[in-house]
Amino acid sequence: MTSTALRAAGLWLVATALAAAQTAPNGSGGGPDRSDAFFRKGEVPRLEIDLKAADLERLKEAPRTYHPADVRENEKTLYAAAVKLKGAAGSYRDWDDKPGLTLRFDRADKQGRFKDLRKVHLNNAAQDESYLHELLAGEMMRAAGVPAPRCTHARVRLNGRDVGLYVVKEGFDREFLKRWFKAPDGALYDGGFCQDVDAALERDAGSGPEDRADLKALLAAAQDPDVKRRWASLEQTVEIKPFVTFMAMELMLAHWDGYTANRNNYRLYFEPSTRKAHFLPHGMDQVWTEIDHPILDGPSGLVASAVMKNPTWRALFRKRVGELLPLFAPEKLHPRVDELHARLKPTLTAMGPDVARDYEGRARRLKDRIAARAKSLREQATQPEPKPLAFVAKKPVALGPPWRPASESEDAKLADVKLAGERAYLVQAGPGRSCIAGWRKTVLLPRGRYRFQASVQTEDVEPLEAPENRGAGVRISGGARPDGFLGSVFGKTSEIEFEVTEEARDVELIAELRAAKGRAWFRVDGFRLTKLDR
């Protein structure tokens, strides 16, 4: 078969996989239900959500708690539901704005359902101007064999107020698990906000050991200092091949805010029949935004980092990247964007001619990013394996861009700015008075002792009550820092020394602000790393 024919065959398989991925699971427990038709047809219903005055006041006081609500579909079908606000840094909005919402239909009546769904999310797409990221990324995940929720759209009104277009996403619940796994009764954990498997993750559904022995075993396997024992333990606690595909897809989609790159936006399911962990993607509203997001750098997640250090699994990862490249072909994704755009057009037009015209530009920009990302992936897939950073004597090495933003606060501001004519990374506390945010970079380092330095400027920084890591400064992931600049300072140097005891290790460097108030700048040309021993 010629290369042209092979490519055509590959694209046909991609089209077939994406079409099947609208609803098809790979498990054997879940049969078809009304949700299949709902997501397959991709209808754009009108949803009216109404709360009584007293319930609305209680929701505003406790937005993360469920409160009774009526949901009416297309001015006809009425559902009894419960609603709470959702979202984290960058996407959370108050009720009086355009909030992200979670709806439960089984709170008042255990048999209550919406299209046979117990729970749905209404995402406000605050960080996705196209309203298509989560939908497209989910289709591609499922086409790759990774369990991911299905999406469609709806136009929403809150107590009579038109809040526009939303992304409708199925929740992670027992019905979702039945669609993908033979046994749906295992422990399903919520990764929470910027939490790894070493945190006390909340169990969302299913049964499991009350002492979280499953999580503890996974963490112990990932952190075992004995390499041979670590690999054997990981094989007993993680489904390795599916996890490698999960990692590859997250990185290839440039899901910089997922588990692999940022220890965020994921669910963790332990299937009872095997007692092994499956990682499930979540919060994919910012995919395709970092065109050159690296796929070969060391990941941040504890389990991801441990798996990628195994040479055999690393080779499997690289092989899987090559196999998945056809999924990212613009020749197939662009028509899918056009198809979704056409489906949304009547709703957008009803919202106003300016809305419809503006969306045309948004869809076009998404297609441009898809094409640029595909090009970057083809180039990265052929690159050699990363080598440890090289040092000459005790000469500092400049650590230039890119650095990636990371926040554990809902209202912190992170931006790439100019400071006195020079490029700097800004971290600014929001009105919530609890800023834990900063900029991160992962580097592969050989064995040795190091000094990491950064040039810092602050303005009106007030400390958090936490006993350590207060103010502005640098550290490495998993470590504390000895200093933290408070108040207003100019041209100060923050530094930390650390040691790599393995032959080579990925180290995540962090420049952060932990403060109740104020802001900090880190000069981009001021990051330095020095190897202290030769």
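Author: Let's begin with alanine 472, which counts as buried because its relative accessibility is 0%. This is a predicted model, in which local features need pLDDT of at least 70 and side-chain atom pairs count only at pLDDT 80 or more, while totals for chains, interfaces and linings use all residues. Residues are numbered from 1 along each chain as its sequence is written, and side-chain values use heavy atoms, with hydrogens and water left out.

Reader: Why is alanine 472 called buried?

Author: Buried means under 20% relative accessible area, exposed means over 50%, and partly exposed lies in between (1.4 Å probe, protein chains only). Alanine 472 has 0%, so it counts as buried.

Reader: Where is alanine 472 placed, and what is it in contact with?

Author: Alanine 472 belongs to strand 17 (residues 471-476). Helices (H or I, at least four residues) and strands (E, at least two) are DSSP runs, numbered from the N terminus. Contact means heavy atoms within 4.5 Å. With neighbours within four places in sequence left aside, the contacts of alanine 472 are Val456, Thr458, Arg481, Gly484, Phe485, Glu512, Leu513, Ala520 and Phe522.

Reader: What makes helix 4 mostly covered?

Author: Of the 11 residues in helix 4 (residues 133-143), 10 are buried. Among them are His133, Leu135, Gly138 and Met141. Just after helix 4, glycine 145 has a positive phi of about 95 degrees.

Reader: How do you know which strands pair in the barrel, and in what order do they come?

Author: Two strands pair if DSSP finds at least two bridges between them. Seven strands close into a barrel in the order 1-2-3-4-5-7-6, with mixed pairing. On average, neighbouring strands of this sheet are turned by 40 degrees against each other, direction ignored. Strand 1 (residues 46-50) has four bridges to strand 6 (residues 151-158), and these two run parallel. Strand 1 also has four bridges to strand 2 (residues 67-73), this time antiparallel. Isoleucine 49 is opposite leucine 158 in strand 6, and glutamate 48 is opposite arginine 72 in strand 2. Eight bridges link strand 6 and strand 7 (residues 161-170) in the antiparallel sense, and histidine 153 has valine 167 of strand 7 as its bridge partner.

Reader: Which residues lie on the covered face of strand 1, and which on the uncovered one?

Author: Leu47 and Ile49 make up the covered face, while Arg46, Glu48 and Asp50 make up the uncovered one.

Reader: Why are helix 6 and helix 7 called roughly antiparallel?

Author: Axes are lines fitted to C-alpha atoms, for helices over the stretch in contact, and angles run from 0 to 180 degrees between N-to-C directions. Angles under 35 degrees count as roughly parallel, over 145 as roughly antiparallel, 65 to 115 as roughly perpendicular and the rest as oblique. The axes of helix 6 and helix 7 (residues 227-237) come within 8 Å and cross at roughly 150 degrees. Helix 6 and helix 7 are therefore roughly antiparallel to each other. The contact is made by Ala217, Leu218, Ala221 and Ala222 of helix 6 and Arg230, Ser233, Leu234 and Thr237 of helix 7.

Reader: What makes helix 8 oblique to helix 11?

Author: The axes of helix 8 (residues 240-252) and helix 11 (residues 311-324) cross at roughly 55 degrees and come within 9 Å. That angle makes helix 8 oblique to helix 11.
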